Amino acid sequence: MKQSEMDRELRDLSKSRAKARGWKSVANVVYWTSGPIFFSFVPSAGVKTGSFHCSVRFKWLDLDRVLWRVLDMEANEKAPFSLHANGAFVLTGQGIFSCAEQDHDWLPGVLADRLDRAMDTASIRAGEIAGAVTSLETYLALLEEEHESFMRRHPKAIINIWKERLLASLLVGDTAQAADIARSRIAAHDHGGFTSGGKSFFELARDLCEASGMPAPHGH
C-alpha cells in the first residue's frame, strides 16, 4: 500500500466513524462540540513505519470569535463551521490525549480497529473534560492544569496560554486585564502565534483595547 492510499483510507474511515458518533470531519480532522467546548481529533498513519498517531484538543469555542475580532477577521463568522477545526487563524486548543504506536503490519481491518479504539478513548476523555467545564472560569482553570501537566512532561517546550487568557478577558469585557496581558507579552517579545497587517497578535490586542476608549498607561 502506498502512503497516499493509506491517507485516503484513513480519511474515509474517519469520516464514516465520525458520522456514526454524531461528529463531523473536514480533511483529516474530526471535530465535535459539547456545550461551549470544541473538540478536535487528528489521526495519522505511516505505511513504512507501521505507525499510528492521534491527538485530541479542546478549546472554548467563543474564543475563536474573539480572536477574529482582534485580528480584524470578523468575516470568518460567516465561514463554514469547519473553519474552527482546520482554519489557519483559529486557536489550536490544549491537548488532552495523544497516542503513538508502531509496528502495525496493516493487515486488512487493522487501521479501522486502531482508529475505533483511539476514538473510543478520545470520546471518554472529551466527556471527562466536558463534565468538568461548567463555566469560562472552570475552563481556564482546567486549561492551566493541562498546560502545567504538559510542561512537566516537556520542560523545554516553548508554549504558553497567555493568548487564551487575554481572549477570555476580552470575552468577559475586562479590557484593562487584556491590555495588561498584551503589554507584558509584547515586552517579553511574544508575538502570540499570529500576525496580521504587520503586527503581532498581542500588538493588535493592545491596539484594540486602547481603541475601546481605555486610556494608555503613563509613559505610552
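Contact here means heavy atoms within 4.5 Å. The model is predicted. The protein chain has 220 residues, and 40% of them count as buried. Its secondary structure comes to eight helices and seven strands.

**Overall build**
- Along the principal axes, the C-alpha atoms fill a box of roughly 70 × 40 × 35 Å.
- The accessible surface comes to about 11800 Å². Carbon and sulfur atoms hold 52% of that surface.
- Take the contacts with a separation of 6 or more: 61% of them join residues 24 or more positions apart.
- The chain carries 26 positive and 28 negative charges.

**Helix H4 and its cover**
- Helix H4 runs over residues 110-132 and has 23 residues.
- From its first C-alpha to its last, H4 reaches 33 Å, close to the 33 Å expected at 1.5 Å a residue.
- The buried residues of H4 are Leu 111, Ala 112, Arg 114, Leu 115, Ala 118, Met 119, Ala 122, Ala 126 and Ile 129.
- An α-helix has 3.6 residues a turn, so residues three or four places apart point the same way.
- Helices H1 (3-21) and H5 (136-153) are among the elements that cover the buried residues of H4.
- The cover also includes strands S2 (29-34), S3 (37-46), S4 (51-60) and S5.

- Strand S5 spans residues 94-101, and Gln 94 is found in it.
- Gln 94 has a relative accessible area of 9%, so it is buried.
- Leaving aside neighbours within four places in sequence, Gln 94 is in contact with Val 56, Arg 57 and Phe 58, among others. Its contacts also include Leu 143, Glu 146, His 147, Phe 150 and Ile 161.
- Ile 96 lies in strand S5 too. Its relative accessible area is 10%, so Ile 96 is buried.
- Not counting residues up to four places away in sequence, Ile 96 touches Phe 39, Val 56, Phe 58, Arg 125, Ala 126, Ile 129 and Glu 146.
- Ala 126 and Ile 129, both touched by Ile 96, are among the buried residues of H4.
- Val 56, Phe 58 and Glu 146 are contacts of Gln 94 and also of Ile 96.
- Ile 96 and Leu 208 are 112 residues apart along the chain, and their C-alpha atoms are separated by 31 Å.

**Aromatic rings**
- The whole structure holds nine aromatic pairs.
- Tyr 31 and Phe 38 have ring centres 5.7 Å apart and planes at 15°, so this pair is stacked. Both Tyr 31 and Phe 38 are buried.
- Phe 201 and Phe 202 have ring centres 5.0 Å apart and planes at 75°, so this pair is edge-to-face. Both Phe 201 and Phe 202 are buried.
- Trp 23, Trp 32 and Phe 39 form a cluster linked by ring pairs.
- Phe 39 is also one of the residues that Ile 96 touches.

**Positive phi in loops**
- Most residues other than glycine have a negative phi.
- Ala 27 is not a glycine, yet its phi is positive, at about 55°.
- Ala 27 sits in the loop between strand S1 (24-26) and S2. Its relative accessibility is 52%, so Ala 27 counts as exposed.
- His 189 also has a positive phi, near 60°.
- The place of His 189 is the loop between helix H7 (175-187) and strand S6 (195-196). With a relative accessible area of 74%, His 189 is exposed.

Note on methods. Residues are numbered from 1 along each chain as its sequence is written. This is a predicted model: local features need pLDDT of at least 70, side-chain atom pairs count only at pLDDT 80 or more; totals for chains, interfaces and linings use all residues. Side-chain values use heavy atoms; hydrogens and water are left out. Helices (H or I, at least four residues) and strands (E, at least two) are DSSP runs, numbered from the N terminus. Buried means under 20% relative accessible area, exposed over 50%, partly exposed in between (1.4 Å probe, protein chains only). Accessible areas come from the Shrake-Rupley method with a 1.4 Å probe; for residues, only the protein chains shown count as cover. Lys and Arg count as positive and Asp and Glu as negative; His and the chain ends are not counted. The place of a charge is taken as NZ of Lys, CZ of Arg, CG of Asp or CD of Glu. The expected span of a helix is 1.5 Å times one less than its number of residues. Rings of Phe, Tyr and Trp (its six-membered ring) pair if their centres lie within 6.5 Å; planes under 30 degrees apart count as stacked, over 60 as edge-to-face and the rest as tilted.
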